[in-house]
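Take a look at the model below. Keep the sequence beside it as you read. We will walk along the chain and stop at a few places.

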Amino acid sequence: MDIYLSFSYWIFQPYVWIILGLGIIIIDIFLGFILLPFGISALLIAVLIFSDQNSILGDFVFFETWRDILLYYAVLSLIALGALRLFAKKGKKGKADINDY
């Protein structure tokens, strides 16, 4: 039970998500845009947790349990992945690619 309480405490700390997001983005610099959507999503989760704890959006509550945080993280990761893929395709529009057969 102590592990569950410890996990629930740390997952609700926005600074943990900032460190996680920046760490993933720094690792991604060396790997080449593989983990970038996950780092961006972690930073967005940090912003949402911070706004949730400080009632920036009023009485609206984003997260009630740690499962909500992980669900939002997964959805934001998919949205960031789709947005980055769309952005990458727009950047290559009209250019001949050596890898297209």
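I11 lies in helix α1, which covers residues 2-11. Helices here are DSSP runs of H or I with at least four residues, numbered from the N terminus. Before going on, note that this is a predicted model: local features need pLDDT of at least 70, side-chain atom pairs count only at pLDDT 80 or more, and totals for chains, interfaces and linings use all residues. Residues are numbered from 1 along each chain as its sequence is written, and side-chain values use heavy atoms, with hydrogens and water left out.

Is I11 buried or exposed? I11 is buried, with a relative accessible area of 7%. Buried means under 20% relative accessible area, exposed means over 50%, and partly exposed is in between, using a 1.4 Å probe and protein chains only. Which residues does I11 touch? Leaving aside neighbours within four places in sequence, I11 is in contact with W17, I49, W66, I69 and L70. Contact means heavy atoms within 4.5 Å. Take I69 from that list. I11 and I69 are 58 residues apart in sequence, yet their C-alpha atoms are 7.9 Å apart in space.

Now move on to helix α2. Helix α2 runs over residues 14-31, which makes 18 residues. From its first C-alpha to its last, α2 reaches 25 Å, close to the 26 Å expected at 1.5 Å a residue. The expected span is 1.5 Å times one less than the number of residues.

Which residues of α2 are buried? They are P14, W17, G21, I24 and D28. Seen down the axis of α2, these buried residues fall within an arc of 90°, so they line one face of the helix. The arc is that of the directions from the helix axis to the C-beta atoms. The face of α2 turned away from its buried side carries the exposed residues Y15, I19, I29 and F30. V16 is also found in α2. V16 is partly exposed, with a relative accessible area of 31%. After α2 comes G32, whose phi is positive, near 95°.

Helix α3 is next. It spans residues 36-53. At 1.5 Å a residue, the 18 residues of α3 should span 26 Å, and its end C-alpha atoms are 26 Å apart, which agrees. Buried residues in α3 include L36, P37, G39, A42, I45 and I49.

How do α2 and α3 sit against each other? Two packed helices are described by the angle between their axes and the distance between the axes. α2 and α3 pack at an angle of about 165°, with their axes 8 Å apart. That makes α2 roughly antiparallel to α3. Axes are lines fitted to C-alpha atoms, for helices over the stretch in contact, and angles run from 0 to 180 degrees between N-to-C directions. Angles under 35 degrees count as roughly parallel, over 145 as roughly antiparallel, 65 to 115 as roughly perpendicular and the rest as oblique. α2 passes α3 in a left-handed crossing. Left-handed means that the near helix is turned anticlockwise from the far one by less than a right angle; clockwise would be right-handed.

Q53 is found in helix α3. It is partly exposed, with a relative accessible area of 43%. Leaving aside neighbours within four places in sequence, Q53 is in contact with F12 and P14.

Just after α3, S55 takes a positive phi of about 50°. Most residues other than glycine have a negative phi. S55 is not a glycine. S55 sits in the loop between α3 and α4, which covers 66-91. S55 is partly exposed, with a relative accessible area of 46%.

S41 is found in α3 and S77 in α4. S41 is buried, with a relative accessible area of 0%, and S77 is buried at 5%. Not counting residues up to four places away in sequence, S41 touches Y73, L76, S77 and A80.

Technical notes. Helices (H or I, at least four residues) and strands (E, at least two) are DSSP runs, numbered from the N terminus.
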